[in-house]
Amino acid sequence: MAMLDSTIVNVALPRIGAELDADVAGLQWILDGYLLSLASLILVAGSLGDRYGRRRVFTFGVVWFGAASLLCGLAPSTELLVLARVLQGVGGALLTPGSLAIIQSAFVRDDRARAIGAWSGLAGVATAVGPLVGGLLVQLWSWRLAFLVNLPVAVLCVWLARRCVPESRDEQLTGRPNVTESVVGALGLAGLTGALVEAPARGADPLVVTAGLVGVAGLVAFVLLQRRGRDPLVPPRLFTDRTFVLANALTFLVYAALGGVMVLMVLQLQVSLGYSPTAAGLASLPITATMLALSARSGRLAQRIGPKLQLVVGPLLVAAGMLLLRRAEPGAGYLDGVLPGVLVFGLGLAAVVAPVTATVLAAAPDRYAGVASGVNNAVARTGSLVAVAVLPAVAGLTGAKYADPAALTDGWQTALLVCAAAAAIGGLLALGTDNDVLRPTKPGRDCHSCGVDAPPARTRA
């Protein structure tokens with residue numbers, strides 16, 4: 001539900017902009033309001049799950065997300081829609097790391113890569129299928145249905161979680177979570193994002209400069225608090241592992257590229273190529289099919305041969321797919337202008353998404369499952385956040401230029417070059433990761449987990 005909502009709104013942006021009279025900055029905030037609160041709070045949310053129960057926090061997040069989705073669907077103006085999207089991101093922050101931490105704690109180590117592969121595959125499919133679902137819902141009634149569709153899904157999720165998911169927590173954690181650090185980090189991200197979004201239209205006015213300074217100061221303070229605090233939100237020891245650091249850097253770059261391309265592609269197809277919302281969503285269906293077919297297999301392959309090959313080749317394929325998508329310009333047909341790019345793009349995502357998620361979690365101690373998941377999800381959402389904030393300005397898309405086919409096509413071409421470079425750099429960084437990080441443990445070191453209200457029992461050789 002959270003992954004789907006990160007892209008389902010993209011295809012509705014032209015209709016939202018027309019109905020609510022929003023400019024480029026308004027559309028950016030509709031996307032970044034969600035990503036900002038999601039990225040800012042996902043770390044403390046992962047810590048809350050470790051401390052108070054992963055299923056409990058996950059379920060609360062689903063309820064919150066559903067309620068905020070209702071507010072989004074009823075919003076009468078751009079400003080209220082942005083506010084509702086911020087609230088929706090809070091729910092997403094509570095449920096996203098919890099879902100992955102539940103898997104990490106419920107499965108023994110030898111089975112985790114396959115389970116995470118299935119999780120990553122479905123998450124990737126949800127992200128990729130968002131434009132299709134959004135297009136169908138927009139044409140069925142209104143862009144508002146893209147948010148209201150979350151309500152029955154939320155009810156189903158709560159019922160399934162309470163019926164099927166075992167509770168787990170880190171029994172070594174005591175005391176209260178450090179909310180101050182989370183607030184400082186959130187202020188840092190909010191200030192920096194605000195400056196990046198508003199600078200193209202406002203220039204270096206006092207508001208933009210102040211927001212930028214607050215953002216930089218907040219992020220610096222957050223890092224210092226993590227290094228010097230007695231009970232840090234993000235334990236610094238996680239970043240002493242080279243593989244953990246490099247895998248998260250790869251995540252940031254690939255998700256930045258993915259977020260930037262998925263936002264602009266649905267605009268390019270509708271505005272410049274004349275696609276309907278549903279047709280624009282269908283255009284990315286090969287990405288969905290590829291990830292659904294291959295992501296779980298990709299996780300198993302990484303378990304067997306090590307993840308490095310896929311972590312290098314996957315982002316390079318993503319970059320190649322983006323370069324092929326430069327052919328999607330006015331006058332191009334789907335078969336020659338769009339399909340080759342989305343196929344290669346989908347192959348790259350299928351190759352990298354499951355292995356990089358499994359690598360990040362395997363590089364962290366088991367007791368930090370929620371925090372490690374939170375870090376990786378925060379890094380991914382921050383990558384998308386930065387791309388949405390920066391890419392339109394880099395591509396020359398400001399004001400109402402997104403509605404001009406010629407201007408949008410020029411921006412599309414530039415944005416694809418930037419995103420391809422980011423993905424390729426991510427693949428090169430993966431050369432420094434440990435290829436043995438997913439190596440199975442010896443038989444007998446872990447017992448099989450069962451559906452009891454406690455963490456899996458462990459025996460140590």
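**View 1. The N-terminal cap and span of helix H18 in the predicted model.** Asp404 caps the N-terminal end of H18, with a side-chain oxygen 3.2 Å from the backbone nitrogen of Ala406. This is a polar contact, that is, a pair of N or O atoms within 3.5 Å; within protein, one must be able to donate a hydrogen and the other to accept it, and residues adjacent in sequence count only if both atoms are side-chain atoms. Helices are DSSP runs of H or I with at least four residues, numbered from the N terminus. Helix H18 covers residues 405–429, and its 25 residues should span 36 Å at 1.5 Å a residue, which agrees with the 36 Å between its end C-alpha atoms. The expected span of a helix is defined as 1.5 Å times one less than its number of residues. The model is predicted: local features require pLDDT of at least 70 and side-chain atom pairs pLDDT 80 or more, whereas totals for chains, interfaces and linings use all residues. Residues are numbered from 1 along each chain as its sequence is written, and side-chain values use heavy atoms, with hydrogens and water left out.

View 2. Ala415 belongs to helix H18 and is buried, with a relative accessible area of 3%. Buried denotes under 20% relative accessible area, exposed over 50%, and partly exposed in between, with a 1.4 Å probe and protein chains only. The C-alpha atoms of Ala415 and Leu309 are 27 Å apart in space, the two residues being 106 residues apart in sequence. Thr433 lies in the segment after H18 and counts as buried at 3% relative accessibility. From C-alpha to C-alpha, Thr433 is 6.9 Å from Arg242, although 191 residues separate them in sequence.

**View 3. Helix H11 and its two ends.** Helix H11 (residues 242–272) reaches 44 Å from its first C-alpha to its last over 31 residues, close to the 45 Å expected at 1.5 Å a residue. Of these 31 residues, 26 are buried, so H11 is largely enclosed by the rest of the structure. At the start of H11, a side-chain oxygen of Asp241 comes within 2.9 Å of the backbone nitrogen of Thr243. Just after H11, Gly274 adopts a positive phi of about 75°.

**View 4. The salt bridge between Arg144 and Glu19.** A search of the whole structure finds 1 salt bridge, defined as a side-chain nitrogen of Lys or Arg within 4 Å of a carboxyl oxygen of Asp or Glu. Arg144 forms a salt bridge with Glu19, and the closest N and O atoms are 3.2 Å apart. The pair links distant parts of the chain, 125 residues apart: Arg144 is in the loop between helix H6 (109–140) and helix H7 (145–148), and Glu19 is in helix H2 (residues 13–20). Arg144 counts as buried at 15% relative accessibility, whereas Glu19 is partly exposed, with a relative accessible area of 46%. In the loop between H2 and helix H3 (24–52) lies Asp21, a residue other than glycine whose phi is positive, near 55°. Asp21 is exposed, with a relative accessible area of 70%.

View 5. Glu167 is located in the loop between helix H8 (150–164) and helix H9 (179–202). Glu167 is buried yet has no salt bridge, and the nearest side chain of opposite charge, that of Arg55, is 4.3 Å away. For charge, Lys and Arg count as positive and Asp and Glu as negative, while His and the chain ends are not counted. A polar atom of the Glu167 side chain lies 3.0 Å from the backbone nitrogen of Arg54. The backbone nitrogen of Arg55 is 2.8 Å from a polar atom of the Glu167 side chain.

View 6. Phe60, Trp64, Leu71, Leu80, Leu83 and Leu87 form a nonpolar patch on the surface, with about 550 Å² of accessible area together. Helix H4 (54–74) and helix H5 (78–106) are the elements that give two or more residues to the nonpolar patch. Patches comprise residues with over 30% relative accessible area and no salt bridge; nonpolar side chains (Val, Leu, Ile, Met, Phe, Trp, Tyr) are joined within 5 Å, and like charges within 9 Å. Accessible areas come from the Shrake-Rupley method with a 1.4 Å probe, and for residues only the protein chains shown count as cover. Val90 is also found in helix H5 and is buried, with a relative accessible area of 17%.
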